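Welcome to my notebook. I went through this structure one piece at a time, and here is what I looked up.

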Amino acid sequence: MPTRRADNLARTATAPTGPPAAHPPPGPGYAISTRGLVKSYPGPDGTVIHAVHGLDLDVRRGETFAFLGPNGAGKSTTIALLCALARPTAGRATVAGADVLTQPHQVRRQVGILFQHSALDPDLTVAQNLHIHARLYGMSGRYARQRAMSVLETAGLTDRRRSPVRTLSGGMRRRLEIARQLLHSPGVLFLDEPTTGLDPHARAQIWEHLHDQRARHGSTLFVTTHYLDEAENCGRIGIIDHGRLVAQGSPHALKAAIGDDRVVLRTSDDTAARRIVGRAVPPDCPVTATVDGISLRLPDGSSWIPRLCAALEGHGIAVHAASATPPTLDDVFFHHTGRSIHTPHTDRRPTAPTPPGTTAESGDGP
Ligand SMILES: Nc1ncnc2c1ncn2[C@@H]1O[C@H](COP(=O)(O)OP(=O)(O)OP(=O)(O)O)[C@@H](O)[C@H]1O
């Protein structure tokens, strides 16, 4: 049920644009901790776009945290804020113990960032790409070589170290990008859609590599993805919509919170069946018509199936198929955002015009 969608829009549209409120300090001991984090941009006609809108988030050290949201929800902007690549409009955040506002250089040294688009030089070799990164981080020659050998081995790319990057497969390039971001041993690794465009085998390899990294070095992973099967394997998930965190928890807890199973019945007459089933279930259980038959959400759905079949057969309607399935992460996503993660999304609506005396920043976005 898209119960919170209208509410989200309303809250976005009435966002405060005045001076930042006082926020309690970020929680100690977390890899990532934010309080009231805001990033606003000027929109068209004097409006303000709240790309990130009062984010309160705690990610534990060593955790794999999936950050899900529709297009334009604010995921990349959040990563830019947390990596001290963009300055928050309001609020506070610490990453690996450093404050993004007052210690941006320290934050940047403590994080690795895998951007959506490749940052490798295709004409240089694997080793040369790593060497440039090592120099940027001020590593000495011998230490840099040691680290390069280590990350290449973990990435399974040791024997390709003299190959030009353009000769690598898409999956190998992604593994190399991750290896490069691990070169300076960051405490927190941000990965913006690390497997987009890869085939299932390469995706699985990347995840194996990431889980291995986490197990060996205790790295904290903050991952955005559109693949729900990948989010399913993360310790916790946060769902962001219109710049706000609308849900967070383990995949299991998020699904359990939705509660009801989806019951689908395919019958000889779905139009009549919809009416009859509608009368047999509680009034707050809408019955919808889908391509698979009629569909509704019920607690403990499988226990309802015999009753519903009996009611339908009592009216001379044959039931060809009946199923009850527990909520999926797509159901969770739909419940909190009002749309499927696979549905294309129109761009964010700007909010009300900026009142005099308030500002929204521009130009330093991701
Ligand atoms: N520099 C900028 N100036 C103005 N608006 C911006 C800027 N950067 C981002 N935005 C707006 O902020 C909102 C959030 O954008 P962001 O890129 O963070 O979303 P996202 O969740 O990463 O989307 P996607 O999944 O498509 O990558 C969008 O409406 C976007 O248009």
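Entry 1: I began with strand β2 (residues 48-60), and 10 of its 13 residues are buried. Buried here means 20 or more other C-beta atoms within 10 Å of a residue's own, while exposed means 12 or fewer and partly exposed lies in between, with C-beta atoms placed from the backbone. Helices (H or I, at least four residues) and strands (E, at least two) are DSSP runs, numbered from the N terminus.

**Ground rules.** I noted that this is a predicted model, where local features need pLDDT of at least 70, side-chain atom pairs count only at pLDDT 80 or more, and totals for chains, interfaces and linings use all residues. Residues are numbered from 1 along each chain as its sequence is written.

Entry 2: Next I checked the partner of β2: strand β1 (residues 30-42) runs antiparallel to β2, joined by 10 bridges. Two strands pair if DSSP finds at least two bridges between them. I followed Ile 32 across and found Val 59 as its bridge partner in β2. Five residues lie between the strands of this hairpin, and there Asp 45 takes a positive phi near 55 degrees.

**Entry 3: the sheet.** Which order do the strands of the open sheet take? I read β2-β1-β4-β5, four strands with antiparallel pairing. The edges are β2 and β5 (98-99), each of which pairs on one side only. Strand β4 (residues 90-95) meets β5 over two bridges in the antiparallel sense, and Val 95 stands opposite Ala 98 in β5. Helix α2 (residues 75-82) packs on this sheet and touches β1, β2 and β4. Contact means C-beta atoms, placed from the backbone, within 7 Å.

**Entry 4: two helices.** I then looked at helix α4 (residues 126-136) and helix α5 (residues 141-155), whose axes come within 10 Å and cross at roughly 130 degrees. Axes are lines fitted to C-alpha atoms, for helices over the stretch in contact, and angles run from 0 to 180 degrees between N-to-C directions. From α4, Ala 127, Leu 130, His 131 and Ala 134 meet Ala 144, Arg 147 and Ala 148 of α5.

**Entry 5: a loop residue.** Where does Val 287 lie? I found Val 287 in the loop between α10 (270-280) and β12 (288-290). Val 287 is buried, with 21 other C-beta atoms within 10 Å. Its contacts, leaving out residues up to four places away in sequence, are Arg 274, Val 277, Gly 278, Ile 294 and Leu 296.

Terms used
Contact = placed C-beta atoms within 7 Å.
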